[in-house]
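Have a look at the structure below. This report walks through a few of its local features, one group at a time.

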Amino acid sequence: WGSRVKATAAAFPIATMAVALLALLVAWSGALDLLHIDTHVQRLLLAAGARNAGEPVLLVGIDAASERERGRPFGPTEHVADWRRDHARLIDRAALAGARAVVFDIFFERTTDADAELAAAARRAAKGATPTRVVFGVRRLAGDAPELPQSLRDAGQWGSLCLIDRGGGALWSTPLAIAQRSSTRAGDSIAAVHPSLSLAALGGEPLRAADLSRRELRFDGPLRPTPVRFSNVEPTRLDDPSCPIARAGDDQLTLLLRIAPAGHWRDAARQVSYVDALDPARVGDDRFKGRVILVGAMALERPEANADIHIVREGFVPRQVFGVELQADAIATLASGRVPQLLTVGWHLATSLLACAVGATAAFALYRQPRWQRRGALLAL
């Protein structure tokens, strides 16, 4: 038994190195995501930072009161043309009030006889004294083009509606753009396509490329004084039914969202009912001026009619949020200019080497201390 104990003690450094190497490989491969460990750590780090500041969003919620007053339910197959005529009225109202953009967290896949009115309103908004951009939501592609009626595609911009649950609702992200690996690449720069709804909401210039080393997006036109950054580059290994905009073989240039606290986007200072937004007597022009007007479904008369409801976890406590609230978080995170970024491969290597150096220094400095103190210090490090 004595010889076995001595052999085990002698093998301890080798076992320690093996465990450290295994832990490094597990973390590098993303296997920790299966247990959502990385996800919860990232959520805690995001929560430790300051909240988004200077939010430009006014959320216009299509709710039960809107359905009752307009005399029709809201849905992808019900009274679609009538709702699009109302959307045209809302665009005219917002543009006259000086809104920065009108953004629809709604997909427009069917062609209706109201599309000409909606497209005309988008063109009028773009030609106003203070141009107002109109952005239509898209949830999937038809070939390489957005599944959106041609008249609306020509009249305004479009943005992907994809939202990604990083694991159990603890962390959310959105692909700001897609980098197709088949695209021409010049050094660390690669062509980028298919902007997200949040990106289109805040920028009018066409998306051109992405700098993968700097984690920055490039647009047509002059360089921006403040670059638009993204959080991470994530390869798409398989087609994802929840986000058909990205296809197998593409890289998603994702943005980690700072999720607002419960009730934030339902406060009267940040959200108005759709039916009230149509009426200047209920919502004054000052509420629209300079704002990004984000339109989406919220609490409808029939709750099951809104499939765009998600789970957010703060700690281990789940709560339900509407998809339009997560889109508002994405716009607010981008507008704040404080985009959280995950480490690149180079920084991963640098931090690993730094950890090794700290461990070695501690082992040298504690060499003459009792064994339990040395191991306790290294465990703490």
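H79 sits in the loop that joins helix 3 (64-70) to helix 4. This is a predicted model. Most residues other than glycine have a negative phi. H79 is not a glycine, yet its phi is positive, about 55°. Its relative accessible area is 41%. That lies between the cut-offs of 20% and 50%, so H79 counts as partly exposed.

H194 is also not a glycine, and its phi is positive too, about 55°. This histidine is found in the loop between strand 10 (189-193) and helix 7 (197-202). Is H194 buried or exposed? It is buried, because its relative accessible area of 9% is under 20%.

## Aromatic pairs

How many aromatic pairs does the structure hold? There are five. One of them joins W83 and Y274, with 5.7 Å from centre to centre. The angle between their planes is 65°, and the pair is edge-to-face. This pair links distant parts of the chain. W83 belongs to helix 4 (residues 80-96), while Y274 belongs to helix 8 (residues 274-277). They are 191 residues apart. W83 has 2% relative accessibility, so it counts as buried. Y274 has 0%, so it is buried as well.

Another pair is made by F108 and F136. Why is it called edge-to-face? The ring planes meet at 80°, and an angle over 60° counts as edge-to-face. The ring centres are 5.3 Å apart. This pair, too, links distant parts of the chain, 28 residues apart. F108 is in the loop between strand 2 (101-107) and helix 5 (115-126), and F136 is in strand 3 (residues 133-138). Both residues are buried.

## A ring cluster and two charges

W83 comes up again here. Ring pairs link W83 with F74 and Y274 into a cluster. R72 lies over the face of W83, 4.9 Å from the ring centre.

The charged end of R139 sits over the ring of F107. The distance to the centre of that ring is 3.9 Å.

## The second largest pocket

Several elements contribute to the lining. Helix 4, strand 2, strand 7 (164-165) and helix 9 (323-336) each supply at least two residues. The largest share, four residues, comes from helix 4. Sorted by class, the lining has 20 nonpolar, eight polar and 10 charged residues.

## Helix 9

Helix 9 is one of the elements that supply the pocket lining. It has 14 residues, which should span 20 Å at 1.5 Å a residue. The end C-alpha atoms are 20 Å apart, so the length agrees.

How many residues of helix 9 are buried? The count is 13 of the 14, so the helix is largely enclosed by the rest of the structure. After helix 9 comes G337, which has a positive phi near 75°.

How values were computed
Residues numbered from 1 in each chain as written. Predicted model: local features only at pLDDT ≥ 70, side-chain atom pairs only at ≥ 80, totals over all residues. Heavy atoms only, no water. Phe/Tyr/Trp six-rings, centres within 6.5 Å; stacked < 30°, edge-to-face > 60°. Buried < 20%, exposed > 50% of the residue type's maximum accessible area, 1.4 Å probe, protein only. Lys NZ or Arg CZ within 6 Å of the ring centre and 35° of its normal. Nonpolar A, V, L, I, M, F, W, Y, C, P; charged D, E, K, R; others polar. Expected span 1.5 Å × (residues − 1).
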